Amino acid sequence: MNEQVEPLSDKEIQDRLAELPGWSVEGELLCRRYAFKRHLPAAAMVIHIAQIQEELGHHADLTLGYNRLTVSVNTRSIGGRITELDFGLATRIEAIAPCHGAR
Ligand SMILES: C[C@H](O)[C@H](O)[C@H]1CNC2=NC(N)=NC(=O)C2=N1
């Protein structure tokens, strides 16, 4: 199913990034670093993101540090390009970030 999605153009990526403050493109990955005051809310956000990912069938790489969480995603099924699926997941993650005290 995912192999049917098309990579976004640079212009489409820039337009979508303008609606997602804090997110950026690093190499071929759509990325966001979240900071937390405490560690457990960061870990809880990992579980919450995992639930969303299972719902969407699309999965980011999540790196949990001390009071930090890094999210990196692209669409592996088309060779690691950025697609609408990545921005869809990013939008869902951004929406739950405030509940976990992420900034
Ligand atoms: C069958 C299943 O939907 C695919 O393997 C999904 C799973 N999660 C995925 N996540 C990401 N980031 N890229 C993919 O191509 C991808 N493919």
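In the predicted model described here, serine 24 stands opposite cysteine 31 in β2. Helices (H or I, at least four residues) and strands (E, at least two) are DSSP runs, numbered from the N terminus. Residues are numbered from 1 along each chain as its sequence is written. Because the model is predicted, local features need pLDDT of at least 70 and side-chain atom pairs count only at pLDDT 80 or more, whereas totals for chains, interfaces and linings use all residues.

Strand β1 is joined by three bridges to β2 (residues 29-35), and the two run antiparallel; pairing requires that DSSP finds at least two bridges between two strands. The open sheet has four strands in the order β1-β2-β4-β3, with antiparallel pairing. Its edge strands, each pairing on one side only, are β1 (24-26) and β3 (61-65). Neighbouring strands are turned by 30 degrees against each other on average, direction ignored, with axes being lines fitted to C-alpha atoms, for helices over the stretch in contact, and angles running from 0 to 180 degrees between N-to-C directions.

Strands β2 and β4 run antiparallel and are joined by six bridges; tyrosine 34 stands opposite leucine 69 in β4. On the other pairing of β4, five bridges link it to β3 in the antiparallel sense, and aspartate 61 stands opposite serine 72. A hairpin is formed by β3 and β4 with two residues between them, and asparagine 67 in the turn has a positive phi of about 60 degrees.

Helix α3 (residues 84-96) lies across β2 and β4 (68-73), running at about 160 degrees to β4; contact requires C-beta atoms, placed from the backbone, within 7 Å.

Definitions and conventions: Two residues are in contact if their C-beta atoms, placed from the backbone, lie within 7 Å.
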